[in-house]
Amino acid sequence: MESMKSLVSAKRETTIWDDEDDSYSMSAKQRIIGFFICLLIGVALSFLSFAFLFDPTSFALCYTLGNIVMLLSTAFMVGPVKQIKNMFAPTRILCTIVFIAFMIFTIVCVFKDLPVILTIISLLIQIAALVYYIFSYIPYGRSCIRNSFKGVVI
C-alpha cells in the first residue's frame, strides 16, 4: 500500500525546459505587454502585406512575418514551453507542422526567387493551415471546417 501511495504522490522529474521557463519568468503585466506588442506588430505586418497585393513575393514575406510574430505573441501569455507543447499536442500536430513548414517554404520561395506561382501556392496552403490551426483551439472547430468542405470536395 505504501508503494502505491509513493507512486501516486511522486513528483515528476524536472526537465531542462522547466528550468528554462523558470529562468525567463515574467510578471503578468510584462507578459500582457509583450503579448500585445507582438500581436500589434504581427497584425500591422499582416495588414501592411495587403499594400503589396500585386507583388506576390513582398506580400508573402510580409504576411508570413506577421504570422510568425503573432504566433510568438501567444508564447508571452502561456510561456514558450507550454506554447510548443500545445502546438504539438496530438490533436493539432498535423496542422502545426503544415503551418510551420509552409511558412518556411514561403520564405524560401521569396529569398530563392522561385517561381511566383510556387510562392502563391505556398501562401494559400499557409493561410489554410493557419485557419485550421486556429480552429483546432475551438471546441468542434475542426469538425465544423471538415463538414463545411465535404460538399465542396466530393
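A residue is termed buried when its relative accessible area is under 20%, exposed when that area is over 50%, and partly exposed in between, as computed with a 1.4 Å probe on protein chains only. By this criterion Tyr-140 is exposed, with a relative accessible area of 72%. The structure is a predicted model, in which local features need pLDDT of at least 70 and side-chain atom pairs count only at pLDDT 80 or more, while totals for chains, interfaces and linings use all residues. Residues are numbered from 1 along each chain as its sequence is written, and side-chain values use heavy atoms, with hydrogens and water left out.

The protein contains 8 helices and 0 strands, where helices (H or I, at least four residues) and strands (E, at least two) are DSSP runs numbered from the N terminus. The order of elements from the N terminus is accordingly α-α-α-α-α-α-α-α. Of the 154 residues, 27% count as buried. Contact is taken to mean heavy atoms within 4.5 Å. Among contacts with a separation of 6 or more, residues 24 or more positions apart account for 63%.

Helix H3 (residues 28-49) includes Ser-46. Ser-46 is buried, at a relative accessible area of 9%, and, leaving aside neighbours within four places in sequence, Ser-46 is in contact with Cys-62, Tyr-63, Gly-66, Asn-67 and Met-70. Ser-49 also has its place in helix H3 and is buried, at 0% relative accessibility. With neighbours within four places in sequence again left aside, Ser-49 is in contact with Phe-59, Cys-62 and Tyr-63. Phe-47 lies in helix H3 as well, but Phe-47 is exposed, with a relative accessible area of 60%. The C-alpha atoms of Phe-47 and Phe-59 are separated by 9.8 Å, the two residues being 12 apart along the chain.

The packing of the helices may be described through their axes, which are lines fitted to C-alpha atoms over the stretch in contact, with angles running from 0 to 180 degrees between N-to-C directions. Angles under 35 degrees count as roughly parallel, over 145 as roughly antiparallel, 65 to 115 as roughly perpendicular and the rest as oblique. H4 and helix H7 (residues 116-135) pack at about 25°, with their axes 10 Å apart. This angle makes H4 roughly parallel to H7. The contact involves Pro-56, Thr-57, Phe-59, Ala-60, Tyr-63, Thr-64, Asn-67 and Leu-71 of H4, together with Val-116, Thr-119, Ile-120, Leu-123, Gln-126, Ile-127, Leu-130 and Tyr-133 of H7. By class these residues comprise 11 nonpolar, 5 polar and no charged; Ala, Val, Leu, Ile, Met, Phe, Trp, Tyr, Cys and Pro count as nonpolar, Asp, Glu, Lys and Arg as charged, and the others, Gly among them, as polar.

Helix H7 also packs with helix H6 (residues 93-111), the axes coming within 8 Å and crossing at roughly 155°. H6 is therefore roughly antiparallel to H7. On the H6 side the contact includes Phe-99, Phe-102 and Met-103, and on the H7 side it includes Leu-123, Ala-129 and Leu-130. The residues of this contact divide into 15 nonpolar, 5 polar and no charged.

Helix H4 (residues 56-78) and helix H5 (residues 80-87) pack at an angle of about 120°, with their axes 7 Å apart. Leu-71, Thr-74, Ala-75 and Val-78 of H4 make this contact with Pro-80, Lys-82, Gln-83 and Met-87 of H5. The contact has 5 nonpolar, 2 polar and 1 charged residues. The buried residues of H5 are Val-81, Gln-83 and Met-87. Seen down the axis of H5, these buried residues fall within an arc of 160°, so they line one face of the helix; the arc is that of the directions from the helix axis to the C-beta atoms.

Most residues other than glycine have a negative phi. Asp-113, although not a glycine, has a positive phi of about 50°. Asp-113 is found in the loop between H6 and H7 and is exposed, with a relative accessible area of 66%. Tyr-140, likewise not a glycine, has a positive phi of about 65°. The exposed Tyr-140 is found in the loop between H7 and helix H8 (141-153).
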